[in-house]
Amino acid sequence: MRRFVIVPVVAAVLAATLSIASADSYPARPITLLVPFAPGGATDTVARVTAQTMSKLLGQPIIIENALGAGGTIGAARAARAEPDGYTLLIHHIGISTAATLYRHLPYDTKTAFAPIGLVTNAPMTIIGRPDLPPNSLQELVAYIQVNGDKMTFGNAGLGAASHLCGMLFMAAVNKQIVGIPYKGNAPVMNDLIAKQIDLTCDQTTNTTGPIESKLVKSYAITIKTRLRSMPALPTADEAGLQGFEVAAWHGIYAPKGTPPEIVKKLATTLQEALRDPDLVKRFNDINTEPVEQDQATPEALRDMLVSEVDRWAPMIKANGQFAD
Ligand code: ASP
């Protein structure tokens, strides 16, 4: 009888000891960071800058693996079912919260499948068009869409991606549906926009800053409350006529649920340190974004954000009645 009492106790003590030991030596080998969108795009860029700084601090490489498709849900599903040992992580943005409702048959429960590490950045988005699109301002674009919208196309990174969400909000704001063209990330969207194969997209500054500055695309508005210091001529959507139009792509890093708390803590403190790094700050600023405040780069802040954003978007998506599956 006693054996049956002692064995579980010994097992629990052993498991706790092993978990502390593994957290102490963590990371002992390279970490994989899953990016659920195409290489060279908005999320990928944020991931690479952050991973580089974190890997210096952790003393192990962080290898980026682009796990593409289905608006970021394929990469998220991979992370959800990965071994919870701190060696497989996920970076994702606001789309993880909209996908929770847009997809009715996800193989993971968005609110509980992950051990959040912390928020990384809240990237502004920009409404941009192919270089030869006739309108030269947001007001002209809205008028142009009223006449030509049926023939136009709006590129996005798949149903549930940030660009898809921004596109849906934009179409609702201008009261006109535009055909959406889904890609596996905004890097290929950008290529096709520059090549004049599609008309419009809405994407994070982390992907659009270069093409806007080089005039490879037409820029119409920024989707946050204030203009960007580096692009003072670009109006906010709100001041250019789309009152209240505001969306930004918050990004966070997640581990699978069940990852030892000591490892989560180590990753969170490393993320906080990385976000204070002057080189990282400069590289973020160069792409018109900035690291979140230190108290946001925490598991609690990311969990709160994730849960509140799933709840915030769910009724709107349900009312819209369009689902991805
Ligand atoms: N950020 C993009 C989006 O969600 C995807 C990407 O990073 O390529 O639209």
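User: What counts as a cavity here?
Analyst: A cavity is a set of points, on a 1 Å grid over the protein atoms alone, where a 1.4 Å probe fits but cannot get out. In this predicted model, with local features needing pLDDT of at least 70, side-chain atom pairs counting only at pLDDT 80 or more, and totals for chains, interfaces and linings using all residues, the space taken by the ligand is the largest cavity, where sitting in a cavity means that more than half of a molecule's atoms lie within 2 Å of its grid points.

User: Which elements give two or more residues to the shell around the ligand?
Analyst: They are α2 (42-58), α6 (162-174) and β7 (200-204), taken as DSSP runs numbered from the N terminus (helices H or I, at least four residues; strands E, at least two). Residues are numbered from 1 along each chain as its sequence is written, and side-chain values use heavy atoms, with hydrogens and water left out.

User: And which residues surround the ligand?
Analyst: The surrounding residues, with a heavy atom within 4 Å, include Phe37, Ala42, Asn186, Asp203 and Gln204. Thr43, His93 and Ser163 also belong to this set.

User: How far is the side chain of Thr43 from the ligand?
Analyst: An N or O atom in the Thr43 side chain is 2.6 Å from a ligand oxygen, and an N or O atom of the His93 side chain is likewise 2.6 Å from an oxygen of the ligand. For Ser163, a polar side-chain atom lies 2.3 Å from a ligand oxygen; the cut-off for a polar contact is a pair of N or O atoms within 3.5 Å.

User: Changing topic, how many disulfides are there?
Analyst: The count comes to one disulfide, taking a pair of cysteine sulfur atoms within 2.5 Å as the rule. The partners are Cys166 and Cys202, whose sulfur atoms are 2.1 Å apart.

User: What parts does that pair tie together?
Analyst: Cys166 lies in helix α6 and Cys202 in strand β7, so the pair links parts that are 36 residues apart in sequence. The torsion about the S-S bond of Cys166 and Cys202 is about 70°, so this disulfide is right-handed.

User: Where is the cis peptide bond?
Analyst: A cis peptide bond joins Tyr26 and Pro27, with omega about -5°, and Pro27 is in the loop between α1 (2-25) and β1 (31-35). Most peptide bonds are trans, and most residues other than glycine have a negative phi. Asn175, which is not a glycine, has a positive phi of about 60°, and Asn175 is found in the loop between α6 and β6 (179-182).

Note on methods
A polar contact is a pair of N or O atoms within 3.5 Å; within protein, one must be able to donate a hydrogen and the other to accept it, and residues adjacent in sequence count only if both atoms are side-chain atoms. On a 1 Å grid over the protein atoms alone, a cavity is a set of points where a 1.4 Å probe fits but cannot get out, and a pocket is an open set with protein on both sides within 12 Å along at least five of seven lines; lining residues have an atom within 4 Å of a point.
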